[in-house]
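User: I am new to this structure and would like to learn how to read its features. Please begin with the general idea each time, then turn to the case at hand.

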Amino acid sequence: MINLTGIARPFFRGPVLSAARSADPAGVERVQRAVLARLISRGRRCEYGVRHGFGSIAGYEDFAARVPLVEYEELRSDVMRMVRGGRNVLWPGVCRNFAQSSGTSGGKSKYIPVTADSLRENHYAGGSAAVAFYLNLYPDSRLFGGRSFILGGSFSNELDGLPRGVRVGDLSASLIANINPLVNLFRVPSRRVALMADWRQKLPALVEESAGSDITNISGVPSWFLTVLKGVIERAGASVIHDVWPNLEVFFHGGIAFGPYRSQYDAITTPGRMRYIENYNASEGFFAVQDTLEGGSMRLLTDVGVFYEFVPVDGGDKAVAAWQVEPGRVYSLVITACNGLWRYAIGDTVKIESVEPLRISIAGRTKSFINAFGEELMVWNADAAIEAACRQCGAEVANYTAAPVYASGGLRGRHQWFVEWVKAPACGAEAFADMLDAGLQAVNSDYQAKRSGGIFLDRLEIVEMPGGSFDRWLASTGKLGGQRKIPRLANDRRIADALLEYLIKP
């Protein structure tokens, strides 16, 4: 395939130049106030805008005083009217695409509007920004010298009797279905395979369609893509993926922390040939992209149809704007966006890594944590600790989740970690548990305090799960697929007790 990267580069300079103009808090404020003004202007004639007096809102301070912070349940009835064809409810016109999201630990599904404006101004613009910053970081890239392999989901959903033309499913299904047809000349798999709902049929089809292509870049969730790549390697009788795709140079990933999977990707790639770029692309919007070689943080996209607010998780419920955040603090993320979500808490927490420029890292979910004993364990704590334990003990993890075990029968409470290995720890599960426990104490002072002297909290317990256990659990919930993820932490026992059933009845 002809290398078109040199021709394509000039078309991807915009996001980098735009970011340079808002590199300091004053620039962020200028851009974000303009974004909010446009959103309010477009939403003032919608039912929600009329309800909250958008027509007379003068600026951010006025907006924050009049419009309430909301979670999904407070918008559910409005969204469901949109799903059923309602016009001008949360956003102008009729919305025909919705992203189904399970949220945290498997409760009632959420349906996030994917409006035509959000596709154009946010999701596709965010994807372009990711490519733009990547090309800026790597002048030697040949990204457009082959094809992109984008791993997505389907329009499988729980709803009956949808109006004609309305589609509900994974966000990626809406992105694939609405993309410019010219893009399909540069990507795999085919639209038919990309939108297949049954993962058992989809996996071999993905392997078959991609194996003979010249792939230069891949995009998706690390856990699911690992399975696909191993299938491609096995089909070709190869040792590493670069034996099959010699021009593969980058993995654009997101959805879950990459650290616990890094060693597994290193094992199936040629050393020094693979680059890893993190994006923050949720059902609610495309928010941030990696803009440094080192990684570890992402540049917040301030001009993609999203106005950001941040609520400190360490006390208080007063939201602050993007130009008011403090470095080092962890916040719950709130968005107002061109999909009709107004001051909506998406359920993610982010850590402010720097304010000039504004970079963030994902700290976890507001409802995906363990705080049964005052330990306030967040997902980023868990990911960092298990990655360190794997490195120390030569282990590789396929999947994990953790939950509390409450004190009973004279025993203290503890955390119970359910782990499915790719490679079991050479040091043994008990030594691994010691390392993981020490790692958690190193990254979380509250956990360390509760573990001090073994007075309040016992050392964690490792439960080794048979291969395929997590996939079987996902299948039992109807959530087996390329974009579905295992909740890493839960403050209750629902997932843990369901997984224990697989030990009793494998």
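Analyst: Helices are DSSP runs of H or I with at least four residues, and strands are runs of E with at least two, numbered from the N terminus. Here, Ala26 lies in helix 3 (residues 25–43). This is a predicted model, in which local features need pLDDT of at least 70, side-chain atom pairs count only at pLDDT 80 or more, and totals for chains, interfaces and linings use all residues. Residues are numbered from 1 along each chain as its sequence is written, and side-chain values use heavy atoms, with hydrogens and water left out.

User: Is Ala26 buried, partly exposed or exposed?

Analyst: Buried means under 20% relative accessible area, exposed means over 50%, and partly exposed lies in between (1.4 Å probe, protein chains only). Ala26 has a relative accessible area of 46%, so Ala26 is partly exposed.

User: At what angle do helix 10 and helix 11 pack?

Analyst: Axes are lines fitted to C-alpha atoms, for helices over the stretch in contact, and angles run from 0 to 180 degrees between N-to-C directions. Helix 10 (residues 199–211) and helix 11 (residues 222–236) pack at about 55 degrees, with axes 9 Å apart.

User: Which residues of the two helices make the contact?

Analyst: Contact means heavy atoms within 4.5 Å. Helix 10 contributes residues including Trp199, Leu203 and Val207, while those of helix 11 include Trp224, Val228 and Arg235.

User: Which residues of helix 11 are buried?

Analyst: Among them are Trp224, Phe225, Leu229 and Ile233. Helix 11 is followed by Gly237, which has a positive phi near 65 degrees.
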